[in-house]
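Me: I am new to this structure. Please take me through a few of its labels and what stands behind them.

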Amino acid sequence: MPAFLLQPLIYAAKLLHPPLQHPEGHWSPDWRGFSGSRNLLARKQNARLDRQNDLGWKLFGKVPLRENAQKDSKKIQKEYEDKAGRPSKPPSPKQNVRKNLDFEPLSTTALILEDRPANLPAKPAEEAQKHRQQYEEMVVQAKKRELKEAQRRRRQLEERCRLEESIGNAVLTWNNEVLPNWETMWCSRKVRDLWWQGIPPSVRGKVWSLAIGNELNITHELFDICLARAKERWRSFSTGGSEAENEDAGFSAADREASLELIKLDISRTFPNLCIFQQGGPYHDTLHSILGAYTCYRPDVGYVQGMSFIAAVLILNLDTADAFIAFSNLLNKPCQMAFFRVDHGLMLTYFAAFEVFFEENLPKLFAHFKKNNLTPDIYLIDWIFTLYSKSLPLDLACRIWDVFCRDGEEFLFRTALGILKLFEDILTKMDFIHIAQFLTRLPEDLPAEEVFASIATIQMQSRNKKWAQVLTALQKDSRDVEKGSPSLRH
């Protein structure tokens with residue numbers, strides 16, 4: 001072995017073993033096998049290294065590894081505890097928790113009070129006191145958070161109880177007073193106030209049916225006939241029926257294929273988060289039936305994108321046949337018919353009337369839109385086509401429908417102005433692209449009370465003329481419509 005490796009070993013041997021006294025009075029080192037023979041050193045290398053490890057452990061007051069391996073774990077633990085002066089039985093975790101605390105801390109919070117392991121030095125008194133103070137501060141903060149969260153939950157519970165009580169009282173009023181005397185009470189001030197607060201879901205469908213009416217005199221039998229005809233057309237088309245049959249059905253082959261595919265596509269995109277109108281959902285076939293029956297009932301209108309959302313909202317509140325009756329009568333209203341038949345001239349008139357009240361209620365935002373060339377058709381078409389059911393949360397959209405059934409098409413444009421006013425401060429800071437993006441994808445968490453509070457501030461009167469009067473005046477003069485409205489000419 002090289003000399004530079006032997007030197008540390010010799011030095012360690014001198015430290016660990018004192019030199020032996022020679023009989024003649026001289027001291028001499030005990031080399032313990034450190035002979036000049038390399039073979040002897042090689043044979044005893046492993047044993048010498050093990051002994052050095054043991055001696056090294058003894059230098060630092062530790063139990064040697066070989067001794068440790070030979071002893072039972074319980075004995076070793078007892079030796080450690082005896083040396084450290086600690087009891088053999090570990091203290092209970094509950095002993096480390098303050099008895100006077102009502103708050104039971106989390107395990108990660110209580111770790112700060114735990115004593116160190118037995119093989120480590122104990123905490124100094126200052127450090128232990130500091131940790132206890134930190135722990136108490138954490139407990140205080142946790143108790144504050146718990147109290148705040150409990151108060152929030154209590155307020156939510158109280159609000160829910162008030163809402164349920166209000167809905168229950170409203171249901172009794174609608175069922176016992178309003179619906180039995182509909183013709184005399186529907187236009188009273190009391191009923192109009194109930195309408196504004198939102199119709200209870202349990203009576204919403206019935207109120208909508210009465211408010212929309214049935215001017216077309218559609219019966220359940222007529223719906224069954226239209227549905228049977230639609231199924232026959234689908235069957236004939238899927239099996240490749242003759243061209244004469246297709247023409248007799250009222251559609252060319254291209255129109256039939258486009259309408260059928262468009263219905264299938266739109267159904268899959270109707271309220272996708274609910275998963276009840278998609279393929280395999282409980283209302284998929286119902287929605288398909290109503291849309292198909294309507295294309296047979298009104299072949300001159302056919303199917304137009306956006307109809308699926310209106311039919312879906314009605315399905316959620318009415319039986320299938322009643323939903324079809326309400327759907328057909330609703331689309332027969334002047335505003336809906338103008339949009340779904342894509343009557344450009346009449347659509348321009350509606351946009352012009354909207355801009356009159358837009359400038360009257362929100363002059364600053366109106367000027368900003370004009371400056372950025374943002375015309376109403378960019379955002380109004382989607383809102384009107386789906387009656388806000390696609391653009392707003394479903395519960396809020398249903399409340400919009402409640403008042404729409406009461407006030408008619410005027411409320412659709414009043415709602416649009418209310419939404420613009422609600423976000424006026426934000427919109428005035430945006431450019432064309434960001435405004436269009438924002439209005440076509442409104443926030444998903446709009447509070448109903450804030451929206452209706454904003455709508456309530458909108459005045460649908462301009463120069464002593466109401467909505468219907470302004471709309472009629474604009475219809476009489478198409479030139480004024482061309483000058484003051486956006487253009488939809490292709």
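Reply: Helix 21 and helix 25 cross in a right-handed sense. The model is predicted: local features need pLDDT of at least 70, side-chain atom pairs count only at pLDDT 80 or more, and totals for chains, interfaces and linings use all residues. Residues are numbered from 1 along each chain as its sequence is written, and side-chain values use heavy atoms, without hydrogens and water.

Me: What makes the crossing of helix 21 and helix 25 right-handed?

Reply: A crossing is right-handed if the near helix is turned clockwise from the far one by less than a right angle, and left-handed if anticlockwise. Helix 21 (residues 394-407) and helix 25 (residues 448-456) pack at about 35°. Their axes are 10 Å apart. The crossing is right-handed.

Me: Which residues of helix 21 and helix 25 make the contact?

Reply: Contact means heavy atoms within 4.5 Å. Helix 21 brings Leu 396, Arg 399, Ile 400 and Val 403. Helix 25 brings Ala 448, Glu 449, Val 451, Phe 452 and Ile 455. Seven are nonpolar, none polar and two charged. Here Ala, Val, Leu, Ile, Met, Phe, Trp, Tyr, Cys and Pro count as nonpolar, Asp, Glu, Lys and Arg as charged, and the others, Gly among them, as polar.

Me: Why does His 288 count as buried?

Reply: Buried means under 20% relative accessible area, exposed over 50%, partly exposed in between (1.4 Å probe, protein chains only). His 288 has 13% relative accessibility, so His 288 counts as buried. His 288 lies in helix 14 (residues 284-297). Beyond its neighbours within four places in sequence, His 288 touches Trp 234, Ile 263, Lys 264 and Ile 267.

Methods
Axes are lines fitted to C-alpha atoms, for helices over the stretch in contact, and angles run from 0 to 180 degrees between N-to-C directions. Helices (H or I, at least four residues) and strands (E, at least two) are DSSP runs, numbered from the N terminus.
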